[in-house]
Amino acid sequence: MGRLLLGLVLWFASAGAMAQDSLAWRHSILVSAGISMAPEELAGIKQVDDKGYVQNGPAAAISYVYRFYKYAGAGVTLSHSQNNLNAEAIGGASASEVETEAYKQTFILADIYGLYPFRQWKFYLKGSIGTVIANKWQMTAVNNVGSGTATTGGKPDLAYSGAAGVLYTLNNGISVGASSALYASKPEFEFNNGKSITHQKQWLSAFNHSLQVGYHF
């Protein structure tokens with residue numbers, strides 16, 4: 001019985017020491033790379049199952065995190081992603097010839113973190129608000145009726161993000177993990193059918209699923 005109690009005491013002591021090690025770092029730099037899943041809407045074209053109108057693309061991000069409390073932190077994120085439109089699928093569905101450019105988005109966000117450390121693991125939730133700097137993008141459609149374009153502006157717009165992730169911290173201050181983040185913004189589109197020009201704001205969203213590497217100090 002005495003050996004069992006001694007073993008339990010030593011186990012709890014070692015677990016507490018490991019948790020304390022994870023609190024020794026107040027600052028973190030996280031680098032992420034992965035895939036950006038197709039947006040739900042792009043230039044008024046709804047993504048439909050098996051249609052493949054919107055294609056997945058690459059995503060990357062870098063974040064700084066300051067941990068001001070055991071269960072909370074704040075920071076900033078710079079994120080970039082790219083999603084393409086499948087011109088062949090869109091043209092086939094509308095009997096039009098379609099030309100598109102890659103739609104790229106750069107997000108600059110202020111972040112707030114909820115953290116749950118367990119030994120060398122850190123589970124987190126993140127909420128963010130900031131701006132999106134969208135590259136100017138255009139789609140041109142031509143058919144036997146006429147032609148038209150849909151164009152985005154390149155000016156910054158409000159952007160939002162929510163994310164969940166997990167990190168495993170090694171003894172040298174390096175961590176590895178994974179995250180999933182939803183990015184959303186509402187830029188303005190210009191629609192030109194050759195006779196009139198209209199402007200419309202429209203929600204765009206993308207899921208970025210990434211692997212992460214972090215450095216803590």
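**View 1. Val98 and its contacts in the predicted model.** Leaving aside residues up to four places away in sequence, Val98 touches Ala87, Ile90, Gly91, Met139, Thr140 and Ala141.

**View 2. Trp137 and Phe189, an edge-to-face pair.** The structure holds ten aromatic pairs, and this is one of them. The ring centres of Trp137 and Phe189 are 6.5 Å apart with the planes at 85°, so the pair counts as edge-to-face. Trp137 sits in the loop between β9 (121–134) and β10 (138–142), while Phe189 is in strand β14 (residues 188–192), so the pair ties together parts 52 residues apart in sequence. Both Trp137 and Phe189 are buried.

**View 3. Tyr160 and Trp203, a tilted pair.** With ring centres 6.2 Å apart and planes at 45°, Tyr160 and Trp203 form a pair that is tilted. This pair links distant parts of the chain, 43 residues apart: Tyr160 belongs to strand β12 (residues 156–169), and Trp203 to the loop between β15 (197–201) and β16 (204–216). Tyr160 is partly exposed, with a relative accessible area of 32%; Trp203 is partly exposed too, at 44%.

**View 4. An aromatic cluster.** Take a look at Tyr103, Trp137, Phe189 and Phe191, which form one aromatic cluster.

Technical notes:
Residues are numbered from 1 along each chain as its sequence is written. This is a predicted model: local features need pLDDT of at least 70, side-chain atom pairs count only at pLDDT 80 or more; totals for chains, interfaces and linings use all residues. Side-chain values use heavy atoms; hydrogens and water are left out. Contact means heavy atoms within 4.5 Å. Rings of Phe, Tyr and Trp (its six-membered ring) pair if their centres lie within 6.5 Å; planes under 30 degrees apart count as stacked, over 60 as edge-to-face and the rest as tilted. Helices (H or I, at least four residues) and strands (E, at least two) are DSSP runs, numbered from the N terminus. Buried means under 20% relative accessible area, exposed over 50%, partly exposed in between (1.4 Å probe, protein chains only).
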